[in-house]
Amino acid sequence: MSQYAKTPGANVADVICDLRSDTVTRPDAAMRAAMAAAEVGDDVYGEDPTLRRLEQSLAERAGKDAGLFLPSGTQSNFVGMLAHCGRGEEVITGREYHVYKYEAGGASALGGIVMDPLAVAADGGLSAEDVTAAIKDDDSHHPVSRLLSLENTHNGKPVSLARLEACTAAARSAGLSTHLDGARVFNAVAALGCDLAEVAGCFDTVSICLSKGLGAPVGSVLVGPDDLIARARRWRKMVGGGMRQAGVLAAAGLYALDHNVGRLSEDHRRAEALAEGLRDLGAGAVEQNTNMVFFTPEGRENAALGQALAQEGVVISAGGSGAIRFVLHKDVTEEGLSATLAGIAKHYASV
Ligand SMILES: Cc1ncc(COP(=O)(O)O)c(C=O)c1O
């Protein structure tokens, strides 16, 4: 099932709780005030001071030379992969990872990059042995293995530093470079109790999203060494991602870094509470990782549950079969969580 499956019949105007993703957060008044007050310039000329500040501050936090602001996580991963790989070169990644499964095949379709997707282990990481086995010999029959691309968190799972180090060491020892899709890397950092620089230190480049749990409306920053970021900047221009007075967006990102990183563990705690509530209902299997809860309803269709919750003002992604993903974020209220649990209980009691 796609985690992006739509809930049929959800009436957006009446929503009191939206658990589809942490991408649904809206900028609050203080973030909007920071955006309105942002000093701006033309970033394609390198003249936007707010955007520069955002790129530099995330690069410093990650222990990297430089940063590059991009409109989305997808574009950040895409230009990141293009900066590492030429046509016919290969990215080794996970079969369930976003770069392979949910970015419309852009790296291959537009970038001429070959993807070798490996099985993802139960902890969300790859096996270092699988990585080593996937790296191709220098043989004209094969694509040139160039990049290992990992993801953290994956489906909310914070992948341990030990696992990241083992896989990236395997890649590096064969001359590959390394990239992290860190769309939710701050959730991983909060759960692992480490610094961003420790996770980022395993990789050459890291893509960090501001518009997931951090609550900014737009934007990702790709961080890495000067030479790769300079190449990524050229690719960003080529794919139309060079923006002008983007400081208004960067101001939201800076606000998010100052105010919304520290509160991510609150989302994790509330995800735990939701998981506990679901377990108490005894209505199906429940798994919780950082800000995500996966619920497999027992004896009920996902779509019917989605429709029943929509009647109560709760929106979930329940279009397919298998586990339904609930994602906690800063715009989920206690009232919303209570309505979710009450709505599920009511649905189970009704048939
Ligand atoms: C793990 C992961 N990587 C990358 C992305 C892409 O981000 P965007 O939607 O900003 O393109 C997402 C989006 O949800 C994601 O979950």
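Reader: Is His347 buried or exposed?
Author: His347 is buried, with a relative accessible area of 9% (buried is under 20%, exposed over 50%, partly exposed in between, with a 1.4 Å probe and protein chains only). This is a predicted model, in which local features need pLDDT of at least 70 and side-chain atom pairs 80 or more, while totals for chains, interfaces and linings use all residues. Residues are numbered from 1 along each chain as its sequence is written, and side-chain values use heavy atoms, without hydrogens and water.

Reader: Which helix is His347 in?
Author: His347 belongs to helix α14, residues 334–350 (a DSSP run of H or I, at least four residues; strands are E, at least two).

Reader: And what does it touch, leaving out residues up to four places away in sequence?
Author: His347 touches Arg300, Ala304, Leu305 and Ala308 (heavy atoms within 4.5 Å).

Reader: New topic: how many residues surround the ligand?
Author: The ligand is surrounded by 12 residues (a heavy atom within 4 Å). The closest are Gly73, Thr74, Asp181, Arg184 and Lys212.

Reader: Which helix gives the most to that shell?
Author: Helix α3, residues 73–84, gives the most, with three residues.

Reader: How far is the side chain of Thr74 from the ligand?
Author: An N or O atom in the Thr74 side chain is 2.6 Å from a ligand oxygen atom. For Asp181, a polar side-chain atom lies 2.6 Å from a nitrogen atom of the ligand. For Lys212, a polar side-chain atom lies 3.0 Å from a ligand oxygen atom.

Reader: How much of the ligand does the protein cover?
Author: On its own, the ligand has 390 Å² of accessible area, and the protein covers 85% of this (Shrake-Rupley method, 1.4 Å probe).

Key. Polar contact = N/O pair within 3.5 Å; in protein donor to acceptor, adjacent residues only side chain to side chain.
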